[in-house]
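I opened a notebook for this structure and looked up a few items in turn. The entries follow in the order in which I made them.

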Amino acid sequence: MKTKTIGFIGGGNMATSLISGLIASGHSPQQIWVSDTAPATLQAHADQMHVNVSTSNESVVNEVEVVVLAVKPQILRDVALQIAPSLKQKNVLVVSIAAGISQQSLSQWLGNEVAIVRCMPNTPALVQTGATALHANTNVDDEQKDLAENILRAVGLALWVNDESQLDAVTAVSGSGPAYFFLLMEAMEKAALELGLDEHSARLLIQQTALGAAKIALESAESPAQLRARVTSPGGTTQRAIETFVQNGFVELVAKALHAARDRSIEMSKQLGAN
């Protein structure tokens, strides 16, 4: 891993997080390249992380063995068509972190022979606690799969899915998931204020409770249902709250929301795909 040169097309927040994670895990900054259209962004990368920078996407592709596509989905087609000729001249692994762009579209733009790994990261990657699902096309060999996984593991958990269509479900679960928890925290904070707590205390209590619950879940072999049962004493305050959630359709509402997010992911793939 440490001997590979990696290029990032796009120097935004997610690219910055991945680069920081790679350097923290021992990857040399001199083996990392970044291209971007914003000179200020490139200067920040050069000054703060001491990586190689360029305004030319093609120049970066020519220097590296792995290309990470970290631009907005709306401009990915133009970027892909721009670098496609350079990719045909060498054996490069392409890792796409752009939401909603299928491998079929990427192959059509980049070339059918290109090794492509499509990823669905989420925003906690910005603080090295991300959750990313990956899927490789048939051109990706085992070494390249390890490379892609190691890059994404630099910012958190990374796992493979067997079917690319599962990435739409991943988008609904973990891609959009942080917003669901923020919504719950927002609602709890509002209710806490109504119950008489001050804003500062309410926010801290809710944030620490969310962190603690996640930590218990990660470190336990028990299911969420079992963990919930353990902290729900019969006839107690927690049971009363849980019953209120369930009686008002909480479980069904969550399912409906995730199905809606999955459906929207499918729609976006069709809208942003090859044409």
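**Entry 1: Ala24.** I began with Ala24, which counts as exposed at 69% relative accessibility. The cut-offs are under 20% relative accessible area for buried, over 50% for exposed and partly exposed in between, with a 1.4 Å probe and protein chains only. Ala24 lies in helix H1, residues 13-24. Helices here are DSSP runs of H or I with at least four residues, strands are runs of E with at least two, and both are numbered from the N terminus. I also took the separation of the C-alpha atoms of Ala24 and Val155, which is 9.9 Å across 131 residues along the chain.

**Entry 2: ground rules.** I noted that this is a predicted model, in which local features need pLDDT of at least 70 and side-chain atom pairs count only at pLDDT 80 or more, while totals for chains, interfaces and linings use all residues. Residues are numbered from 1 along each chain as its sequence is written, and side-chain values use heavy atoms, with hydrogens and water left out.

**Entry 3: the whole chain.** I recorded twelve helices and eight strands for the protein chain. Its C-alpha atoms fill a box of roughly 70 × 40 × 30 Å along the principal axes. Of the 275 residues, 40% are buried. I then looked at contacts, meaning heavy atoms within 4.5 Å. Among those between residues at least 6 apart in sequence, 63% join residues at least 24 apart. The accessible surface comes to about 15300 Å², and 56% of it belongs to carbon and sulfur atoms; areas are from the Shrake-Rupley method with a 1.4 Å probe, and for residues only the protein chains shown count as cover.

For charges I found 19 positive and 26 negative side chains, with the centres of the two sets 4 Å apart. Lys and Arg count as positive, Asp and Glu as negative, and His and the chain ends are not counted. The place of a charge is NZ of Lys, CZ of Arg, CG of Asp or CD of Glu.

**Entry 4: annotated spans.** From UniProt (unreviewed entry) I took "domain: Pyrroline-5-carboxylate reductase catalytic N-terminal" at residues 5-100. That span is 47% helix and 20% strand, and its end C-alpha atoms are 27 Å apart. The UniProt entry, unreviewed, also gives "domain: Pyrroline-5-carboxylate reductase dimerisation" for residues 164-268. Residues 164-268 are 82% helix and 0% strand, with end C-alpha atoms 15 Å apart. The positions are in the numbering used here, the feature names are shortened, and annotations may be inferred rather than shown by experiment.

**Entry 5: helix H5.** Why is helix H5 described as largely enclosed by the rest of the structure? Six of the eight residues of H5 (residues 103-110) are buried, so the description holds. I listed the buried ones as Gln103, Ser105, Leu106, Ser107, Trp109 and Leu110. Their cover includes strands S4 (66-69), S5 (93-96), S6 (115-120) and S7 (130-136), together with helices H4 (73-87) and H12. Gly111 follows H5 and has a positive phi, near 125 degrees.

**Entry 6: positive phi elsewhere.** Most residues other than glycine have a negative phi. I noted His50, not a glycine, with a positive phi near 60 degrees; His50 sits in the loop between helix H2 (39-49) and strand S3 (52-54). Gln128 likewise has a positive phi near 60 degrees, and its place is the loop between S6 and S7. Gln128 is partly exposed, with a relative accessible area of 38%.

**Entry 7: aromatic rings.** Rings of Phe, Tyr and Trp (its six-membered ring) pair if their centres lie within 6.5 Å; planes under 30 degrees apart count as stacked, over 60 as edge-to-face and the rest as tilted. By this rule I counted one aromatic pair. The rings of Phe245 and Phe250 have centres 5.1 Å apart and planes at 50 degrees, so the pair is tilted. Phe245 is partly exposed at 39% relative accessible area, and Phe250 is partly exposed at 39% relative accessibility.

**Entry 8: two buried residues.** I looked up Ser265, in helix H12 (residues 250-272), and found it buried at 5% relative accessible area. Leaving aside neighbours within four places in sequence, Ser265 contacts Asp168 and Thr171.

Leu227 lies in helix H10 (residues 224-230) and is buried, with a relative accessible area of 17%. Not counting residues up to four places away in sequence, Leu227 touches Ile216, Ala217, Ser220 and Glu222. The C-alpha atoms of Leu227 and Val66, 161 residues apart along the chain, are separated by 42 Å.
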